[in-house]
Amino acid sequence: MWDSETESVGGRDYGNGVLSTSKPGVKPDGFEQRGQSWHVATDIPSDLLVQIGDVSFHLHKYPLLSRSGKMNRAVYELRDTELNKIALDDLPGGPEAFELAAKFCYGIAVDLTATNISSLRCAAEYLEMTEDLEEGNLIFKTEAFLSYVVLSSWRDSIIVLKSCEKLSPWAENLQIVRRCSESIAWKACANPKGIKWQYTGKHPRSVSSPKWNEMKESSPSRNTPVPPDWWFEDVSILRIDHFVRVITAIKVKGMRYELVGAAIMHYAGKWLPGLVKEGSGSVSGGAADEGSNSSNSNGSSSSWKGGLHMIVVGSKEDLPAVQAKDQRMIIESLISIIPPQKDTVSCSFLLRLLRMANMLKVAPALVTELEKRVGMQFEQATLADLLIPSYNKHETLYDVDLVQRLLEHFLVQEQSENSSPSRQSFSDTKMYDGAQRGTNPNAKMRVARLVDSYLTEVSRDRNLSLTKFQVLAEALPESARTCDDGLYRAIDSYLKAHPTLTEHERKRLCRVMDCQKLSIDACMHAAQNERLPLRVVVQVLFSEQVKISNALANGLLKEPGESHYQPLITNRKTLLEGTPQSFQEGWASAKKDINTLKFELETMKTKYLALQNDMETLQRQFDKVTKPKQTSAWTTGWKKLTKLTKAAENNDIGPQVQNGDLSRKTPRRWRNSIS
């Protein structure tokens, strides 16, 4: 019964939703049910049997023939047979709708409600109860009630749309679904300040559960402002195809896409139980936090469910278990209606939706679209959401290829935004699309830290190949990492989980890391790490020595408050918090032995300098010995002739000249032998 809404259409008073007819004929007192059979309470024996499923109706021909074209033809076809039985198994609405239509034909008052109006309208269309047979027939009256009573009410539009789920395709063909969706969309887009109708909304503070009739006058309260997400809970009770129709109509009418995304997350949290994290009531965030309280549909008698849930939904225990096929259809529909703008829904929601999509084998095109959406806001992801299992039994424990694709989509998105300033300016002025990334220049750095943490987690999987690890680690540009401590942790974890790697494979693995970007604490740990190749350890030691020398030279160690030394402290804290206990024990031992390694390094440097000095001394001596060899043969010959000329002039020293020549020839031969 309708207690508050009365309409008069075309001079006909609907009497608060009560239909009646005054046409003379059989005057029954009502219908009586006897088991699975309905009988008319009258003295006139029935002459027609209508069978609908397991329910039979013992009726009279005249009241039905005068108002139903289909019954008229069916009875006409039975004129040559003795059987007066008609089967209407395909009648929309079933026995309940036919009972109301039969009562209308007999002139019995029928109560029109939001619960039965859609099935009665479809049954009237099926039975062809048109104005050609009688003025004010059932089609006209039900259509007028839908247009003037139901569509003007928020609550009734929701209930009628919910009741259309079992009336396909009749409700669709009669435009009942479209009109209810349009009505709901118009009211959802209305200014919250002007809302006067009843809605389910969020959980109130009162403990008692108010009755529907009591809430009609008091809710919404004049003093309590209506939240922008007041319509989430009511719309979320609809079946997915009807929910898609409503959301599509809402988007056409210009609803803010943040609210549309929040409504989608609220719906997913209600219909996809595996999508909600443990310990959280809903997947909705941002604007949805105000009204997306999925506990409204709990079966507790002390919790407020709202009038709509009391009438249509009931409790979660009453809902049938959603099968995998239904969940797949829900996920595919939700992916198709998510607004294209960035930050419409949270990245965490998209990743959990992607996890379920891979598990349920959703269409590849939709999965690819969802991966691109994740790439648009990949810097907002968390490690827990990235750990998506691989559903291929022969592959790795986690889907590393999926994360690789997400990272590629992120880099493509970054490159496209940086190369299109006009698009960026449009985003800043027209949309919220580029605001988040425009104010966040460190997106790549956050993604780099996320990838390093992911590599550390998946490196423990022995099925993870070295190539996959290396490709994922090298996917980001070098500028994305200011510190390689996280990457070093991942490499060390991979070496620990794969002890059978060859020397060449270990060197190849360590190439993805830049030793110069390691903090002092990471260098101390790497210096004592026996799993690293020797060449990498030497590089780490030299890198550490250079850093300490530079720090001492610049006075940074004496002034820890300066900004240049702050990254070392921050990196150390970050490294210790995210490092396993075994790593920290290695660092403790490394701190005790690092001085010994430094002393040995200095000793080697001293020995090297001493050897270099000895080499220089020997080189100088060698140069002195070989210096006469630098004179030419012509110069030596002329000197000999000069001496011989002087000897000829002085005959007294002739023998001495010969002896002198012999004495000079001997060393000259020795020099020739040396050369």
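E128 counts as partly exposed at 27% relative accessibility, where buried means under 20% relative accessible area, exposed over 50% and partly exposed in between, with a 1.4 Å probe and protein chains only. The model is predicted, so that local features need pLDDT of at least 70 and side-chain atom pairs count only at pLDDT 80 or more, while totals for chains, interfaces and linings use all residues. Residues are numbered from 1 along each chain as its sequence is written, and side-chain values use heavy atoms, with hydrogens and water left out.

E128 is placed in the loop between α4 (117–127) and α5, where helices are DSSP runs of H or I of at least four residues and strands are runs of E of at least two, numbered from the N terminus. The phi angle of E128 is near 60 degrees, a positive value in a residue other than glycine. K361 is exposed, with a relative accessible area of 62%. Most residues other than glycine have a negative phi, and most peptide bonds are trans. The peptide bond from S168 to P169 is cis, with omega near 0 degrees, and P169 lies in the loop between α6 (154–163) and α7 (170–173).

E128 is also one of the residues in contact with K70, together with L88, Y126 and L127, when neighbours of K70 within four places in sequence are left aside; contact here means heavy atoms within 4.5 Å. K70 itself belongs to helix α2 (residues 69–77) and is partly exposed, with a relative accessible area of 22%. Although K70 and L127 are 57 residues apart along the chain, their C-alpha atoms are separated by 5.1 Å.

For the protein as a whole, 30 helices and nine strands are found, and 46% of the 675 residues count as buried. Among the contacts with a separation of 6 or more, 71% are accounted for by residues 24 or more positions apart.

Two further pairs illustrate separation in sequence and in space. V150, in helix α5 (residues 138–150), counts as buried at 0% relative accessibility, and its C-alpha lies 8.9 Å from that of I117, a residue 33 positions away in sequence. Apart from its neighbours within four places in sequence, V150 is in contact with I117, F145, D156, S157 and V160. V546, in helix α26 (residues 534–554), is partly exposed, with a relative accessible area of 46%.

The packing of helix α11 (residues 240–252) against helix α12 (residues 257–271) occurs at an angle of about 170 degrees, with the axes 11 Å apart; axes are lines fitted to C-alpha atoms, for helices over the stretch in contact, and angles run from 0 to 180 degrees between N-to-C directions. The two helices α11 and α12 are therefore roughly antiparallel to each other, given that angles over 145 degrees count as roughly antiparallel, those under 35 as roughly parallel, those from 65 to 115 as roughly perpendicular and the rest as oblique. On the α11 side, I240, F243, I247, I250 and K251 meet V260, A263, I264 and Y267 of α12. The residues of this contact divide into eight nonpolar, no polar and one charged, where Ala, Val, Leu, Ile, Met, Phe, Trp, Tyr, Cys and Pro count as nonpolar, Asp, Glu, Lys and Arg as charged, and the others, Gly among them, as polar.

H498 is situated in the loop between α23 (485–497) and α24 (503–510) and counts as buried at 10% relative accessibility. Its side chain reaches the backbone oxygen of R462 at 3.4 Å. Not counting residues up to four places away in sequence, H498 touches S459, D461, R462 and L464.

A search of the whole structure finds zero disulfides, a disulfide being a pair of cysteine sulfur atoms within 2.5 Å. The closest cysteine sulfur to that of C180 is in C164, at 5.7 Å, too far for a bond. C180 is buried, with a relative accessible area of 1%, and C105 likewise counts as buried, at 5% relative accessibility.

Definitions and conventions:
A polar contact is a pair of N or O atoms within 3.5 Å; within protein, one must be able to donate a hydrogen and the other to accept it, and residues adjacent in sequence count only if both atoms are side-chain atoms.
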